[in-house]
Amino acid sequence: MAETLLAAAAEREIGPHALAHLGAVDVALRTAKAALEEAADEIDADPRDLKNAGRTRSLRLKTLVEAVATDVMGRVGRALGAGPLGHDAAHGRRVADLTVYLRQHHAERDLAALGAIVAEQGAGW
């Protein structure tokens, strides 16, 4: 979906509000990418999870990626309106598929589990 917004910006003047959404999408996707790369490094450094960090890391990453994907989907829709949904079948399928996938996230249940871990072990911020 972000590619749809980026392509629109490359093809035509999309205006300052859509450009602001594109900037926010860039920050969100870069943040998720950095978090995933950090998690991969942590897993490589402790492949047997001897530090018992896997559950916490998993809860944090799932929640972050769900939030980023939801934010990106919303921003693309706000930036471009209904046009891509009505006139770009591939984009429409991606939105529909991602919506279904994201609804499988355990949302508050995962956040509660993470909160319990943080309350017990500390956050390490």
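Here's a quick look at the chain as a whole, and then at helix α5. The model is a predicted one. It's helices and no strands here: the chain has six helices and zero strands, running α-α-α-α-α-α along the sequence.

**Overall shape**
- The radius of gyration is 17 Å, whereas a compact globule of 125 residues would come in near 14 Å.
- Along the principal axes, the C-alpha atoms take up a box of roughly 50 × 25 × 25 Å.

**Burial, surface and contacts**
- Buried residues make up 33% of the 125 in the chain.
- Accessible surface totals about 8400 Å², with carbon and sulfur atoms contributing 58% of that.
- Among contacts with a separation of 6 or more, 74% link residues 24 or more positions apart.

**Helix α5**
- This helix covers residues 89-102, and its 14 residues reach 20 Å from first C-alpha to last, close to the 20 Å expected at 1.5 Å a residue.

- His 91, Gly 92, Val 95, Leu 98 and Leu 102 are the buried residues of α5.
- Looking down the axis of α5, these buried residues fall within an arc of 135°, so they line one face of the helix.
- As background, an α-helix has 3.6 residues a turn, so residues three or four places apart point the same way.
- The buried residues of α5 pack against α1 (2-11), α3 (54-80) and α4 (83-87).
- Over on the other side of α5, the exposed residues are Ala 89, Arg 93, Asp 97, Val 100 and Tyr 101.

How values were computed: Residues are numbered from 1 along each chain as its sequence is written. This is a predicted model: local features need pLDDT of at least 70, side-chain atom pairs count only at pLDDT 80 or more; totals for chains, interfaces and linings use all residues. Side-chain values use heavy atoms; hydrogens and water are left out. Helices (H or I, at least four residues) and strands (E, at least two) are DSSP runs, numbered from the N terminus. The expected span of a helix is 1.5 Å times one less than its number of residues. Buried means under 20% relative accessible area, exposed over 50%, partly exposed in between (1.4 Å probe, protein chains only). The arc is that of the directions from the helix axis to the C-beta atoms. Contact means heavy atoms within 4.5 Å. The radius of gyration is taken over C-alpha atoms; the globule rule is 2.2 Å times the number of residues to the power 0.38. Accessible areas come from the Shrake-Rupley method with a 1.4 Å probe; for residues, only the protein chains shown count as cover.
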